[in-house]
Amino acid sequence: PIKAIIYGQRSGSEMGKAKELDANNPRVHLIDGIGKMNTPAMFGGGKEKALKSLTLADSLFAVYESEHPTLPSWGQAEPHIWLAQIAMKDNDLKTARKHLEAALKVKPNSNWVNYLLMPKLEKMESIAAAEDQQ
């Protein structure tokens, strides 16, 4: 845990450099959002900051064009996957479903979505429907 203080600062510094180098690269904001989601608010992270970065990443993926065909092309489904997880934690099941379905449009064979997150969401939806009937 003590090393998190050292490496967290280094990671933040490198993220700042990445944003300076290519502020419109959606992968930079995706990784930043994931980091903020997993960093306590007292250390500069938290849900709200993660939502902002992940939403920005998603909007940038819609317009981003790589400068060269050999540059990376991964990550377009991931903002939706992470946004869905945040929505699931907030018990916002409609938003979670919307994001998981959007992720599957981009990456239909995503094992993460198909075999982990979607079944978890369906279980949550089933529980919520049963509670509504009571």
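Me: Where is Asn91 found?
Reply: This is a predicted model. In it, helix α4 covers residues 78-89 and helix α5 covers residues 93-106. Asn91 is found in the loop between α4 and α5.

Me: Is Asn91 buried or exposed?
Reply: The relative accessible area of Asn91 is 54%. The cut-off for exposed is over 50%. Asn91 is therefore exposed.

Me: What is phi of Asn91 near?
Reply: Most residues other than glycine have a negative phi. Asn91 is a residue other than glycine, yet its phi is positive. The value for Asn91 is near 60 degrees.

Me: How are α4 and α5 oriented to each other, parallel or antiparallel?
Reply: The axes of α4 and α5 come within 8 Å and cross at roughly 165 degrees. Angles over 145 degrees count as roughly antiparallel. As for handedness, α4 passes α5 in a left-handed crossing. The two helices, α4 and α5, are therefore roughly antiparallel.

Me: At what angle do α2 and α3 pack?
Reply: Helix α2 spans residues 26-37, and its axis is 8 Å from that of α3. The crossing of α2 past α3 is left-handed. The two are roughly antiparallel to each other, because their angle is over the cut-off of 145 degrees. That angle is about 160 degrees.

Me: Is Leu54 buried or exposed?
Reply: Leu54 is found in helix α3, residues 47-61. Buried means a relative accessible area under 20%. For Leu54 the value is 0%, so this residue is buried.

Me: How far apart in space are Leu54 and Met37, C-alpha to C-alpha?
Reply: In sequence, Leu54 and Met37 are 17 residues apart. Leu54 belongs to helix α3, while α2 takes in residues 26-37. From C-alpha to C-alpha, Leu54 and Met37 are 9.4 Å apart.

Me: How far apart in space are Glu20 and Asn91, C-alpha to C-alpha?
Reply: Glu20 lies in helix α1 and is exposed, with a relative accessible area of 71%. Asn91 is in the loop between α4 and α5. In sequence, Glu20 and Asn91 are 71 residues apart. In space, C-alpha to C-alpha, they are 35 Å apart.

Note on methods
Residues are numbered from 1 along each chain as its sequence is written. This is a predicted model: local features need pLDDT of at least 70, side-chain atom pairs count only at pLDDT 80 or more; totals for chains, interfaces and linings use all residues. Side-chain values use heavy atoms; hydrogens and water are left out. Helices (H or I, at least four residues) and strands (E, at least two) are DSSP runs, numbered from the N terminus. Buried means under 20% relative accessible area, exposed over 50%, partly exposed in between (1.4 Å probe, protein chains only). Axes are lines fitted to C-alpha atoms, for helices over the stretch in contact, and angles run from 0 to 180 degrees between N-to-C directions. Angles under 35 degrees count as roughly parallel, over 145 as roughly antiparallel, 65 to 115 as roughly perpendicular and the rest as oblique. A crossing is left-handed if the near helix is turned anticlockwise from the far one by less than a right angle, and right-handed if clockwise.
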